[in-house]
Amino acid sequence: MKPESSVIFFPCRDIAETKAYYTRVLGLPVYKDLGSTVWFDCGYGYLAFVDYGPERPMASGACISFNLPTGEAVDEMYQTLQNSPHPVLGLEGPPAHHPKFPVYSFFLSDPNGYTLEYQKTTDV
């Protein structure tokens, strides 16, 4: 049976800070807020964070990629983040074609130190 969607859970250091970053800076809508767990609606699935407190290690080496419909949408998201009134963490750029993978993307960070990527897969 094929699932209708998916949810991926990540530990976080501070649920309020994480929620503020993903809603205010990235513009993701909250799907569920259970206090110590917040789910964000990513369109075809959910991204959730669980506040385990500072003693739990973050997911080492994780990269959370958000797929956009076009390369132009990747460029627009980069410009939106550059012009954000909220602090954007670790914004790299500008968007570029990855030398190893068939993607056009850019990277930034979240308050937990996770790498975030906005991308459009390419046919090259």
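Which backbone nitrogen does a side-chain oxygen of Asp14 reach at the start of α1? Hi everyone, let's begin there. This is a predicted model, and in it that oxygen comes to within 3.0 Å of the backbone nitrogen of Ala16.

Now follow the helix itself. Helix α1 covers residues 15-25, and its buried residues are Ile15, Thr18, Ala20, Tyr21, Tyr22 and Val25. If you wonder about the spacing, an α-helix has 3.6 residues a turn, so residues three or four places apart point the same way.

On to the strands. Look for β4, residues 46-51: 5 of its 6 residues are buried, so the rest of the structure largely encloses this strand. One partner of β4 is strand β1, residues 7-12, and the two run parallel over 6 bridges. There, Val7 stands opposite Tyr46. Strand β3, residues 37-41, is antiparallel to β4, with 5 bridges joining them. Here Thr37 has Val50 as its bridge partner.

Last topic: cysteines. How many disulfides does the structure hold? The count is 0. For Cys12, the closest cysteine sulfur belongs to Cys42 and lies 15 Å away, so a bond is out of reach. Cys42 is in no disulfide either, as its nearest cysteine sulfur, in Cys63, is 13 Å away. Are these two buried or exposed? Cys12 is buried, at 0% relative accessibility, while Cys42 is partly exposed, at 33%.

Methods: Residues numbered from 1 in each chain as written. Predicted model: local features only at pLDDT ≥ 70, side-chain atom pairs only at ≥ 80, totals over all residues. Heavy atoms only, no water. Buried < 20%, exposed > 50% of the residue type's maximum accessible area, 1.4 Å probe, protein only. Helix = DSSP H or I, 4+ residues; strand = E, 2+ residues; numbered from the N terminus. Polar contact = N/O pair within 3.5 Å; in protein donor to acceptor, adjacent residues only side chain to side chain. Disulfide = S-S within 2.5 Å. Pairing = 2+ DSSP bridges.
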